[in-house]
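Visitor: I have a model on screen and some questions about it. Could you take me through it?

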Number of protein chains: 2
Amino acid sequence: MILALAGGVGGAKLVHGFAQVLQPQALVAAVNTGDDFEHLGWHICPDLDTVMYTLAGVANPQTGWGLAGESWRFMDTLEKLGGETWFRLGDQDLATHVRRTGLLRGGATLSEVTATLCMAQGIGVRVVPMSDAPVRTMVDTDEGELPFQSYFVRRRCEPVLRGLHFAGATEASPSPAFRAALDDPGLQAIVLCPSNPYLSIDPTLALPGVRDALRSASVPVVAVSPIVGGQAIKGPAAKIMRELGKTPSALEVARHYGPLLDGFVLDHADADAARAVAALGITPLVTATVMKDAGDRAQLARELLDFVDRLARTAGAGAAA
Amino acid sequence: MILALAGGVGGAKLVHGFAQVLQPQALVAAVNTGDDFEHLGWHICPDLDTVMYTLAGVANPQTGWGLAGESWRFMDTLEKLGGETWFRLGDQDLATHVRRTGLLRGGATLSEVTATLCMAQGIGVRVVPMSDAPVRTMVDTDEGELPFQSYFVRRRCEPVLRGLHFAGATEASPSPAFRAALDDPGLQAIVLCPSNPYLSIDPTLALPGVRDALRSASVPVVAVSPIVGGQAIKGPAAKIMRELGKTPSALEVARHYGPLLDGFVLDHADADAARAVAALGITPLVTATVMKDAGDRAQLARELLDFVDRLARTAGAGAAA
């Protein structure tokens, strides 16, 4: 069984890759909920939605959020009525938020709600929130502290980022299925998907016990770089790294995760960083990491399965030696 | 100035008739809120919406609710996700409920919210809720007590009605603009629109002081029959009258309002009841009351203005005699 930690677009693509090459019960995707927020009375979970929509084959490939073939009649009318429209909600996407909010108000946990939404969309893979408790990514910027969506969507990541913290993380705990996956005797590897390390993976790592679980895991922990050739495939990762005083590079991502990792996957474009990754004590894998279609996703997932298999055998050999 | 008490479709049509022949400031429509309810987290005001949409020229003429040219992508998706779909919410209509709910949660009164929604839709006429306090029509049926929308929409008025009450009415008060209209020295007439007397007008009459204000009004109070030839133009009025042991007829509507009325408007189809209406001490007007297009609405409004003018002169002559 593979446990994938994922955020939005990049994470969703790799989870979809694994979903194509593994049995549904052999995959758990623990998804960032630090981006979640309450808006117009609804509980919105952008990363969970991106992962679900991607697995259901209905994600919008252009935007990286929302649904393909979406319509905007609700939002256009709300705009005429003077309502808030900075966070775009399509007519169909809206149903997800309304259904989720109704189930949460009825007393269900976010894990239970997510399972219901997945079942209704024919998703067999276990997509689970990183936590059922609220964790909210807060962005410290040169304009003051901003809730994540205000920074990310409303302000389009324009304010200069000075730091991040994850409100509620230390009081939260991993969701039951995430926790169970970490402890599962059938676990074969933990994969940090090519999502933004700071915005999408760090919130999950901030949950009590998660870093320790990764550090002490008896199975390989590997990450896939979301930075290719110094650029983020999607989103503000490179900009954020510069603002945090770091060089946007795959190597810097490997350094960021550091001792948590047994393996690190870099794109061919960054092959010259493999040696420096290895010098960190992390086994590098150089391959094609840019996923343009479903086939690319499956191919990367297969290579990762081979990679963690090799890492596990090497570690076993090392332990035996 | 004319004060019109209105419910849904029939009331909205006559209000639209008045809006065509009066200056905007010369008309106040006090609209039933007994049908209002909370659904999927939104505050929904079906009668206010019908009146607003009719005045804005965007009402759906087939259904009697919602918007013309509406789309149903939200509702179709919600159905797939297992959500509640018995109350149909169109993609555009939804924006009204979301905006209203947001403004109410922000602390605005329903009167203030309605004014905002009217302004955004270019409606100059004062459309006001009968009350800013919650009044909820409860239907006593052979299957027990049902909240109004559960009876009306979910159960399609199928349960046999035994009685009605208006929860909260005695603790509520007329909205500021409704109260001001009742007391306005420029008031020329109070018109009970051809809405369902039991479901759409009685909740307004149940508010403290309203019956007294009508009974003691120095201006004519007239009603337009929603029953024509023993049938309701729209909705369950005739069925309800039968279940309450009454004969569905214009005359029975005149009896229902009784001493509140100075005048009563019947359709040509019910001309033979005019004498019996007169015998109740109510001046009858027999004319064409079925409003099929905007012209019919304006025509009926003009005849009503003439009628209340005649009634006022007759009363003046009587007082002078």
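Predicted model: local features only at pLDDT ≥ 70, side-chain atom pairs only at ≥ 80, totals over all residues.

Visitor: Do the copies meet through the same surface or through different ones, and what share of the interface residues of chain B tells us?
Guide: Contacts link 25 residues of chain B with 25 residues of chain A. The interface residues of chain B can be looked up in chain A. They are interface residues there too, so the copies meet through the same surface, and the share is 100%.

Visitor: Which residues of chain B lose the most area to chain A?
Guide: Start with the total: about 2,000 Å² is buried between chain B and chain A. Carbon and sulfur atoms give 62% of that area. On the chain B side, three residues together account for 31% of what is buried, and they are B:Arg73, B:Leu81 and B:Arg99.

Visitor: How many salt bridges are there between chain B and chain A?
Guide: A pair counts if a side-chain nitrogen of Lys or Arg lies within 4 Å of a carboxyl oxygen of Asp or Glu. Between chain B and chain A, the count is zero.

Visitor: Which strands stand at the edges of the sheet in chain A?
Guide: The sheet is open, antiparallel and built from three strands in the order β7-β6-β8. Two of the chain A strands have a single partner each, so one side of each is left without a neighbour in the sheet. These edge strands are β7 (144-147) and β8 (161-167).

Visitor: What is the bridge partner of A:Arg136 in β8(A)?
Guide: Strand β6 of chain A covers residues 136-141. Six bridges join β6 to β8(A), and the two run antiparallel. In β8(A), A:Arg136 has as its partner A:Ala167.

Visitor: Is B:Asn60 buried or exposed?
Guide: B:Asn60 sits in the loop between α2 (46-55) and α3 (73-80) of chain B. Beyond four places in sequence, B:Asn60 touches B:Trp65, B:Gly66, B:Leu67 and B:Ala68. The cut-off for buried is under 20% relative accessible area. At 17% relative accessibility, B:Asn60 is therefore buried.

Visitor: How far apart in space are A:Ser111 and A:Ala133?
Guide: A:Ser111 belongs to helix α5 (residues 110-120) of chain A. Setting aside neighbours within four places in sequence, A:Ser111 is in contact with A:Pro129, A:Asp132, A:Ser175 and A:Pro176. A:Ala133 is 22 residues away from A:Ser111 in sequence. In space, C-alpha to C-alpha, the distance between A:Ser111 and A:Ala133 is 10.0 Å.

Terms used
Residues numbered from 1 in each chain as written. Chains lettered and ligands numbered in written order. Heavy atoms only, no water. Contact = heavy atoms within 4.5 Å. Helix = DSSP H or I, 4+ residues; strand = E, 2+ residues; numbered from the N terminus. Buried < 20%, exposed > 50% of the residue type's maximum accessible area, 1.4 Å probe, protein only. Pairing = 2+ DSSP bridges. Buried area = accessible area lost by both parts, 1.4 Å probe.
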